[in-house]
Amino acid sequence: MSSLFEPYDLGPIRLKNRFVMSPMERSRARNPDWAPDAETARYFSQRAGAGLIVTGSIAISAWARTWAFEPGLYTQTQIDAWRQVTREVHDHGGVIFGQLRHGGRASHVSHQPNRQSTVSATDKAAGKAISMAFDASGQPAFLWQGKPRALRTEEVSQIVGEFAQAARNAREGGLDGIEIHGANGYLHDQFINGALNDRDDRYGGSIENRIRFTLESIDAVVDAIGADRIGIRLSPYGRYNEMPAFDDEAETYLTLAAELSKRGIVYVHFSDQTRWADDVSIPTTYLREFRNAFRGTVIVAGGYLKENGQAAIDTGEADLIGIGKPFLANPDLVERLRNDWPLNAWDEDTFYTAGPKGYTDYATREQR
Ligand SMILES: Cc1cc2nc3c(=O)[nH]c(=O)nc-3n(C[C@H](O)[C@H](O)[C@H](O)COP(=O)(O)O)c2cc1C
């Protein structure tokens with residue numbers, strides 16, 4: 001049986017263990033370029049003991065921006081800044097993929113060029129969902145997302161092209177690969193969801209049409225950087241950002257998993273939201289069915305640590321285990337789990353604040 005602490009070959013990349021640092025947006029790109037800085041390089045290099053690091057969400061273009069102080073990958077300054085981050089992570093023996101996002105309606109007008117309205121598969125708003133945005137005086141604040149405009153058909157192709165360019169930029173910036181953020185109620189998820197997507201063009205209606213934007217995005221990034229550098233995050237049954245339940249939800253994601261398998265991308269990252277919220281439940285056999293539909297590597301994330309992570313590997317539900325908050329608070333998480341050392345608690349109050357506090361100042365076991 002394979003241990004979580006043993007190496008794993010993710011396509012052409014050897015990971016030193018099966019722990020993945022889950023993507024976590026930390027709002028630390030606090031400069032006019034929205035570029036990662038030296039503190040971000042330090043944060044990730046401190047956590048290079050993970051087999052794989054996935055960065056927090058990165059905006060693929062200006063109108064993709066979704067969260068205050070989110071870094072981007074659409075200007076040369078940003079690419080150069082990422083190169084500093086990835087160099088430091090590689091110097092510490094780490095492997096790092098960049099999570100690429102377009103937030104769609106989960107953004108906020110204050111993020112949009114000229115305060116234009118947000119966009120989506122639909123013009124239906126998420127009435128009570130929040131975005132970390134900027135208030136009337138330009139200060140960061142948690143604000144209602146607002147009513148989007150439905151994208152025109154040709155704009156969808158434009159966004160597909162922006163994903164391809166951001167993937168090229170990611171590789172130029174030294175990232176080892178990319179993860180498309182198809183989960184948690186952002187733009188791809190807004191298209192996939194049969195209760196939200198009310199389009200009558202080739203991107204709405206049937207399962208085939210609703211997953212078309214995601215598959216076009218995948219085909220474009222595969223063309224740009226090669227399938228063995230690409231993963232995608234999905235959240236079947238996820239309700240975050242007010243994603244409604246829909247009738248053929250199980251079938252939709254199984255069809256998508258099978259199509260992704262044909263394209264030979266290296267992983268699917270299953271964001272399991274059942275431990276975030278009361279209204280989420282996933283049928284017990286579903287992870288296994290999903291796993292059977294996708295032949296590549298499966299990562300599961302959402303409330304995992306050593307024991308349940310090892311169990312997911314032993315039962316064949318997953319190959320790699322994504323861990324979020326415990327990694328945020330424990331730079332040496334893998335060593336702590338290996339030795340059964342106690343863990344630092346995470347501090348929610350500093351998830352999205354400025355500076356090193358709650359970012360790079362969590363102690364390792366040795367520093368205590
Ligand atoms: C501060 C914070 C930021 C997050 N940002 C992202 C993100 O940028 N992209 C994403 O896919 N998930 C994001 N998540 C969700 C995590 O990746 C993960 O799925 C979730 O925290 C559950 O895993 P855990 O129980 O191991 O923390 C974030 C979570 C936290 C706590």
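Me: Is the crossing of α1 and α2 right-handed or left-handed?
Reply: In this predicted model, helix α1 covers residues 38-46 and helix α2 covers residues 76-91, and their axes lie 8 Å apart. The contact between them is made by Thr40, Ala41, Phe44 and Ser45 of α1 together with Gln84, Val85, Glu88 and Val89 of α2. The residues of this contact divide into 4 nonpolar, 3 polar and 1 charged. As for the sense in which α1 and α2 cross, it is right-handed.

Me: Is Asn184 buried or exposed?
Reply: Asn184 lies in the loop between β10 (177-181) and α4 (187-192), and its phi is near 55°, a positive value in a residue other than glycine. A residue is buried if 20 or more other C-beta atoms lie within 10 Å of its own. Because Asn184 has 23 C-beta neighbours inside 10 Å, it counts as buried.

Me: How many other C-beta atoms lie within 10 Å of Ser27?
Reply: Ser27 is found in the loop between β3 (19-21) and α1, and it has a positive phi of about 55° although it is not a glycine. Ser27 is partly exposed, and the number of other C-beta atoms within 10 Å is 18.

Me: How many residues surround the ligand?
Reply: The closest are Ser22, Met24, Glu25, Ser57 and Gly324. The shell around the ligand divides into 7 nonpolar, 10 polar and 4 charged residues, and the number that surround the ligand is 21.

Terms used:
Residues numbered from 1 in each chain as written. Predicted model: local features only at pLDDT ≥ 70, side-chain atom pairs only at ≥ 80, totals over all residues. Axes fitted to C-alpha atoms, helices over the stretch in contact; angles between N-to-C directions. Helix = DSSP H or I, 4+ residues; strand = E, 2+ residues; numbered from the N terminus. Left-handed = near helix turned anticlockwise from the far one by under 90°. Contact = placed C-beta atoms within 7 Å. Nonpolar A, V, L, I, M, F, W, Y, C, P; charged D, E, K, R; others polar. Near = placed C-beta within 6 Å. Buried ≥ 20, exposed ≤ 12 C-beta atoms within 10 Å, placed from the backbone.
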